[in-house]
Amino acid sequence: MITYKNILYATTKIISENFSCDVIVENQEGTFKDECFYVSITPTSSTASTRTTNQKQLIISVKYFSEDSINHYDVANKLEVLFGRNIMVKDRVLNVSSVEPNFISDEVGDMLDFLIYITYHEKINVKISHIENNGDAYLDKDYDENIDI
């Protein structure tokens with residue numbers, strides 16, 4: 001099973017290997033004085049796809065802070081190359097549905113918010129407790145998820 005933490009780790013590893021600034025994953029308030037990335041994941045849905053698989057969707061937000069706002073365009077281009085097709089997470093390759101660079105200016109300063117949209121399927125193990133004569137199956141309340149896809 002791939003966890004959100006696994007996806008977060010894989011994303012921050014790619015950024016750390018390709019940029020020479022800090023990558024932050026913990027929520028920190030205030031303004032950033034030095035160039036850095038802030039990475040977070042927002043799960044958007046998990047729906048039944050088949051009897052044994054769920055389709056999961058999430059958004060990875062990669063925020064880039066720098067006093068050099070012109071550099072945001074170069075960083076957006078590089079992130080698009082790095083995350084344009086897929087992300088390797090553990091022993092799986094997750095396809096990237098789309099990416100969206102957002103250049104934001106406010107009273108605090110300029111920021112790049114690079115959004116990565118991912119949709120993937122995950123197999124679940126379902127324990128069937130009993131089957132009625134009419135063919136309806138009733139599932140146990142507890143089930144285990146794994147990634148035997």
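Select Lys56 and Glu122 to begin: both are buried. Keep in mind that you're looking at a predicted model. These two side chains form a salt bridge, and the closest N and O atoms sit 3.1 Å apart. Lys56 belongs to strand 3 and Glu122 to strand 6, so this pair ties together parts that are 66 residues apart in sequence. Side chains of opposite charge can pair when their charged atoms come close.

Next, click on Lys63 and Asp113. Here's another salt bridge, with 3.8 Å between the closest N and O atoms. This pair also links distant parts of the chain, with Lys63 in strand 3 and Asp113 in strand 6, 50 residues apart. Is Asp113 buried or exposed? Asp113 is buried, because its relative accessible area is 12%, and the cut-off for buried is under 20%.

Lys13 is partly exposed at 41% relative accessible area, while Glu17 is exposed at 56%.

Stay in helix 1 and select Thr11. With 0% relative accessibility, Thr11 counts as buried. A polar atom of its side chain lies 2.8 Å from the backbone oxygen of Ile7. Leaving out residues up to four places away in sequence, Thr11 touches Val39, Ile60, Val62, Phe83 and Ile87.

Now for the largest nonpolar core, which has 26 residues. Highlight Phe37, Ile60, Val62, Leu79, Ile87, Ile116 and Ile118, the ones that touch the most other members. Which strand gives the most to this core? Strand 6 does, with five residues. Apart from this core lies another one, of five residues, including Ile24, Cys36, Phe65 and Met111. In soluble globular proteins, nonpolar side chains tend to be buried together.

Zoom in on Ile118. Beyond its neighbours within four places in sequence, its contacts include Leu58, Ile60, Ile87 and Val96.

Last stop: the surface. Show Ile70, Tyr73 and Phe103, which make a nonpolar patch of about 330 Å². Tyr73 is in helix 2, and at 45% relative accessibility Tyr73 counts as partly exposed.

Notes. Residues numbered from 1 in each chain as written. Predicted model: local features only at pLDDT ≥ 70, side-chain atom pairs only at ≥ 80, totals over all residues. Heavy atoms only, no water. Patch = residues over 30% accessible without salt bridge, like charges linked within 9 Å, V, L, I, M, F, W, Y side chains within 5 Å. Areas by Shrake-Rupley, 256 points an atom, 1.4 Å probe, with all protein chains shown as cover. Salt bridge = Lys/Arg side-chain N within 4 Å of Asp/Glu carboxyl O. Helix = DSSP H or I, 4+ residues; strand = E, 2+ residues; numbered from the N terminus. Buried < 20%, exposed > 50% of the residue type's maximum accessible area, 1.4 Å probe, protein only. Core = buried A, V, L, I, M, F, W, Y, C linked by side-chain atoms within 4.5 Å. Contact = heavy atoms within 4.5 Å. Polar contact = N/O pair within 3.5 Å; in protein donor to acceptor, adjacent residues only side chain to side chain.
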